[in-house]
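User: I would like to learn how to read the strands, helices and chain contacts of a model. Please take me through them one feature at a time.

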Amino acid sequence: MTKEELLRSFLEDELLIDKNYLKKGEFEKYKWATPNNQKLIEVLKTAIEGQLSNESPLITEKKINQFLNKQT
Amino acid sequence: MILESIEISNFMCYAGYNKFDFTEGINVIIGDNGYGKSKLFDAFYWVMYNECFDTNKKKFQKSSLLKKLIISDKAINEIDEGLISASVILTFKNLDKGNVYILERKYSVKKLDGNLIEDIDSEEVVWQKDLHYLTAKEVIDSEQISRIKKTILPDNIKPYMWFQGEQVESIIDFNKTDTLTQAINVLSNITRYDHITEISENLKESTTKEFNKKQRDLSGDKEKSSSLELQRNETLIRLKELQKQELQIQDTKATAEEKSEQLLNKISDAQKIKEVEAKRRSIEKNLQETQEEFTEEQKLLHKKLFTNKWVLKGTENLFDKYGSLYNNYEQTKLKQELTKQARIESENQIMTELHARLPVDVPEPIHLENMLSNERCLVCDREAQIGSDAYLKIKELLDRSKTKVKTIESEDSNIHDFGADLRKLYQNGLGLSHIIKNIDDDIASTFRRLRKLDKKRKTLTEELKSIESAINSLIVDTALNVNQANDLLNQYSAQNELAKRAITQEYSTANDILKRKQELQQLDIELGKLVSGEIPAYLIDKLKVVEEFNTLAHSTRRRVFDSLVKILETEANQHYQLMTQGNMSARGIIKLKELNNGKNYMPELIDDKGNVLMQLNTGNIILIKLATIMAIISARQGSRDTDLYTLITDAPMSVFGEDYTIGFCKTVSNVYRQSIIMSKEFYKNMELRKQLLSNPEIKLGKVYLITPSIPENSRANRNQLSTNIQALN
């Protein structure tokens with residue numbers, strides 16, 4: 001399973017449409033490199049990358065924390 | 001990866017050197033029970049895992065425990081002194097990578113002075129060879145050996161690829177929470193979703209803590225905030241405990257419901273057995289009572305000869321005869337009495353007349369006595385010698401004073417009168433004559449009753465036989481005996497009770513959870529009110545993102561898992577339909593039903609309208625399980641590492657009927673690139689064997705027939721036992 005397939009399996013969720021992160025059917029053509037400024041999707045990508053590279057969960061959590069702690 | 005061959009030397013019943021070559025498709029080793037099929041399976045397994053399946057203990061045992069049992073008895077027996085080794089060599093060919101792996105396992109014992117010295121453990125040797133080169137290189141590094149073995153058969157695939165028929169039940173044990181999760185893991189790496197969910201959980205927890213700390217720091221009343229925070233933590237701990245408790249209750253409920261449902265399949269059988277058994281007991285009791293009554297009646301039959309006067313049967317004429325004789329007797333007696341009476345009366349009359357002429361005691365007796373002694377009559381003064389008429393007349397006058405008036409009674413005093421006895425006899429006879437008249441009816445009625453009892457006894461015996469036969473049939477059909485049926489009903493009732501209790505507990509725990517959540521909400525509001533400064537926007541945003549991430553991770557994991565279950569279900573159905581094609585009575589669609597705890601799944605067979613088909617028998621369940629095992633493998637097809645592994649299974653078809661054998665072989669040859677099946681089904685059934693060898697829908701590999709070297713009745717002596725191998729194609 002590629003990281004893109006894994007990401008799409010998450011993006012398929014109704015929650016992302018309900019919360020206006022994505023429009024209906026948009027996940028199908030979603031690419032890993034598709035630019036976005038949605039923090040939730042970035043968090044997801046970090047978690048997926050960590051998983052696929054067999055990174056320690058603690059490091060992944062740290063990376064996500066650092067990303068979300070940015071004050072801007 | 002294709003398993004090219006197995007070479008077996010002196011391993012268990014395979015004495016000497018033996019070799020099986022295999023190709024792609026389904027390879028079948030045919031042999032009857034006890035002919036060496038399981039030992040062949042052991043040989044494969046032993047090389048890879050240094051263990052053999054102990055059928056008695058139903059588990060695998062290490063070589064270090066089995067020791068000399070690994071070596072052929074014949075091989076041990078044939079040598080007087082020296083080293084005896086058992087070895088098995090597996091040759092795997094990886095055509096895609098151009099590799100050959102040769103794995104050998106060896107175990108030795110030494111015979112010395114009649115004693116057997118056993119090696120502590122077996123030895124393993126692995127060679128790797130490039131297809132283009134002739135020589136192989138021994139692999140020394142244990143980690144590399146382990147990698148090679150995992151390439152041949154990964155650990156997570158192993159249970160579904162190499163198994164004994166009797167293991168099928170436990171490989172897919174739907175009672176175990178993680179069985180389907182494990183299967184899903186083989187199908188797709190669901191653990192990736194699990195790990196991401198775990199990360200989201202940790203992030204949510206740490207961010208919530210961070211947010212709460214910020215709230216506390218910005219509080220206008222730090223003391224109150226601390227106190228509220230403390231309460232909040234306590235409530236949170238309690239909430240977690242309750243949630244854990246809720247899961248346990250749900251588990252208990254799901255397990256109880258699942259068990260009830262499993263039992264439900266057999267409950268009607270058990271109920272039927274119980275009812276029939278109750279009927280049998282009632283008939284048995286009735287029969288016993290009837291038998292006792294019959295025996296008693298038979299005993300009474302002899303007594304009744306006297307108690308019911310049956311002995312008098314046929315004596316009616318005797319009584320009449322006696323009556324007539326008695327009548328005559330009475331009349332004769334009466335006549336005699338009358339005659340006697342007349343005589344006495346006449347005599348008395350004479351005496352009365354005599355008294356009138358000469359009164360009694362005249363002359364006085366003293367004078368008379370004097371006359372007799374003097375032998376002279378003083379009245380007429382004449383001689384009266386003793387014995388003379390005169391003497392006798394004087395004596396008569398003397399005796400006359402003693403003479404009284406005669407009566408008939410005084411007359412009869414010396415005669416024994418049987419009249420009363422004879423009358424009593426007559427009267428007795430008269431009484432009995434009424435009974436005698438009824439004796440025939442009494443006898444007839446008694447015999448009627450006896451016949452009735454005998455008939456009832458025979459009917460009940462027949463009924464008992466028939467009901468016992470019905471019970472035996474039920475026991476055979478349902479594989480339940482009377483005790484098991486009772487246990488099953490008890491278990492069913494206990495599981496139902498447990499499920500009911502769990503539902504009540506679940507309801508109460510859910511209420512508690514709701515209450516705690518409301519408390520938490522209230523505490524959060526109160527804590528929020530105490531905040532005098534402004535919580536940084538990034539932190540509010542961060543909390544929102546991690547909460548959404550957490551929800552998303554849970555929901556995605558759930559959705560992916562469900563879709564994999566669906567794939568598994570679809571694949572399992574395809575295999576099930578193909579396997580059951582040969583049996584017209586088999587029907588239904590497999591449905592993996594999710595249980596209430598959201599973790600366990602139970603297989604159900606449903607009809608085309610969605611109705612659950614009850615009463616799955618063991619054969620059905622094994623077929624469903626085999627279909628699920630195959631589904632796990634077939635659903636992987638197309639992914640990188642599928643169809644690289646060989647299915648090796650011993651007697652997988654033994655539980656279900658021969659109707660399914662060809663369907664099973666077709667399915668296996670479709671699902672697995674290579675399979676090696678040990679089977680007894682083709683041993684005796686030549687028609688089935690012919691189908692196997694000629695059916696174009698079966699991708700057939702090699703077929704072998706194995707037979708023991710010595711007849712079955714001499715097999716107790718294993719010292720001469722070896723196994724003959726005959727290639728059938």
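**Reading the sheet, a helix pair and the chain contact**

Analyst: In chain B, strand 3 (residues 25-30) and strand 17 (residues 674-679) run parallel and are joined by 6 bridges. This is a predicted model, in which local features need pLDDT of at least 70 and side-chain atom pairs count only at pLDDT 80 or more, while totals for chains, interfaces and linings use all residues. Residues are numbered from 1 along each chain as its sequence is written, and chains are lettered from A and ligands numbered from 1 in the order in which they are written.

User: What counts as a strand, and when do two strands pair?

Analyst: Strands (E, at least two residues) and helices (H or I, at least four residues) are DSSP runs, numbered from the N terminus. Two strands pair if DSSP finds at least two bridges between them. Here, Ile29(B) has Met678(B) in strand 17 of chain B as its bridge partner.

User: In what order do the strands of the sheet lie?

Analyst: The open sheet in chain B has 6 strands in the order 11-16-17-3-18-19, with mixed pairing. Strand 11 (162-164) and strand 19 (723-727) of chain B are the edge strands, each pairing on one side only. From one strand to the next, the twist averages 15 degrees.

User: Which strands does helix 1 of chain B touch?

Analyst: Contact between two residues means that their C-beta atoms, placed from the backbone, lie within 7 Å. Axes are lines fitted to C-alpha atoms, for helices over the stretch in contact, and angles run from 0 to 180 degrees between N-to-C directions. Helix 1 (residues 37-49) of chain B packs on the sheet and touches strands 3, 11, 16, 17 and 18 of chain B, its direction making about 140 degrees with that of strand 16 of chain B.

User: How do helix 10 and helix 14 of chain B cross?

Analyst: The axes of helix 10 (residues 316-357) and helix 14 (residues 419-478) of chain B come within 10 Å and cross at roughly 150 degrees. The two helices of chain B are therefore roughly antiparallel, a term for angles over 145 degrees. Among the residues that meet are Tyr322(B) in helix 10 of chain B and Tyr426(B) in helix 14 of chain B.

User: How many residues does each chain give to the contact?

Analyst: Chain B gives 19 residues and chain A gives 22 residues. On the side of chain B that touches chain A, helix 16 of chain B supplies the largest share, 11 residues.

Key: Parallel < 35°, antiparallel > 145°, perpendicular 65-115°, else oblique.
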